Amino acid sequence: MGYTDQRFDVNLSILFTELPLLERPAAAAAAGFTAVELWWPWIDTATPEQSELDALKKALEDAGTQLVGLNFYAGQLPGPDRGAVSVPGEESDRFKANIDVAADFAASVDCKALNALYGNRVEGVDPEVQDALALENLVLAARAADRVGAILLIETLNKPESPLYPLVSAPSAIEVVDKVNEATGLGNAKFLLDIYHLAMNGEDVSAVIAEYAAKTGHVQIADMPGRGAPGTGELPLEQLLDELRKAGYDGWVGLEYKAADAAASFEWLAAEARPAR
């Protein structure tokens, strides 16, 4: 048990960021990993040129890395934004324009999970209006994900770092997951269980795992405080991942932590446990 029986992937939007995007898959591979995930890589556009998509596909393939998770367009992330699905006007329009672009790219690299960040509350806009827009957009995203054989992920963030983001508890995200599945009948909306965010919110992570493992489609980890590598903080990450495994979760665990030197930050994980199984 422990770390050695998990399926880890490296988040290339938070690790190896000192390198250009197209060099990061090879860096992850050099560190021993064969699976990676990404936030939407093109912050300034929801609809990049096909040549840019092709270049990323080639970089992933040349490195021998499998993309296992991809965010839909989420605005300025990293930055002030936390997604676009519930943000009226241009951001919602960009999200809609991105849905098929992201889904088709995921299909081209056999990526089976697409994450749609909900978006911040907007001053002066009725939260119910935002929630209705979000559901409309998430239904479109779920259908597009289903078209390419993928799941749609809904993520809880944490209130201290994302004070305007409304999904800052596991139940709040699960409620959205259930609403999307009810609206589509597809059952492919799942919970993105980020242990760091849950812990930052003061939730009982073990209780969340016990209650929602069956609805969980992807897991991400970082230690707390500091959002560093496992072992840099106080979270019993190895124990929590064991609990997930015992609760029936056998999917990917994304390494979404900060490290000044990504390659050196993996010392907590034995080399033989890094390639995806």
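These legends accompany several close-up views of one predicted model. Residues are numbered from 1 along each chain as its sequence is written. In this predicted model, local features need pLDDT of at least 70 and side-chain atom pairs count only at pLDDT 80 or more, while totals for chains, interfaces and linings use all residues.

View 1. Helices (H or I, at least four residues) and strands (E, at least two) are DSSP runs, numbered from the N terminus.

**View 2. The largest cavity.** Here we look into a cavity of about 60 Å³. A cavity is a set of points on a 1 Å grid over the protein atoms alone where a 1.4 Å probe fits but cannot get out, and lining residues have an atom within 4 Å of a point. Of the 13 lining residues, E37, G69, L70, N71 and Q220 are the closest to the centre. β3 gives the most to this lining, with 3 residues. By class, the lining holds 6 nonpolar, 6 polar and 1 charged residues; Ala, Val, Leu, Ile, Met, Phe, Trp, Tyr, Cys and Pro count as nonpolar, Asp, Glu, Lys and Arg as charged, and the others, Gly among them, as polar.

**View 3. The second largest cavity.** About 30 Å³ of space is found here, lined by W39, W40, I43, N71, A74, G75 and L77.

**View 4. The largest pocket.** A pocket is an open set of grid points with protein on both sides within 12 Å along at least five of seven lines. This one has a volume of about 300 Å³, and among its 19 lining residues W39, L77, R82, H197 and R227 lie nearest the centre. The lining has 6 nonpolar, 7 polar and 6 charged residues.

View 5. Helix α4 (residues 127–147) reaches 30 Å from its first C-alpha to its last. Its buried residues (under 20% relative accessible area, 1.4 Å probe, protein chains only) include L133, L138 and V139. α4 also gives the most to the lining of the second largest pocket, with 5 residues. Nearest the centre of that pocket lie Y118, D131, E175, V176 and K179, and its volume is about 190 Å³.

How values were computed: Heavy atoms only, no water. Points joined across faces, edges and corners; volume = space filled by probe spheres on them. Expected span 1.5 Å × (residues − 1). Buried < 20%, exposed > 50% of the residue type's maximum accessible area, 1.4 Å probe, protein only.
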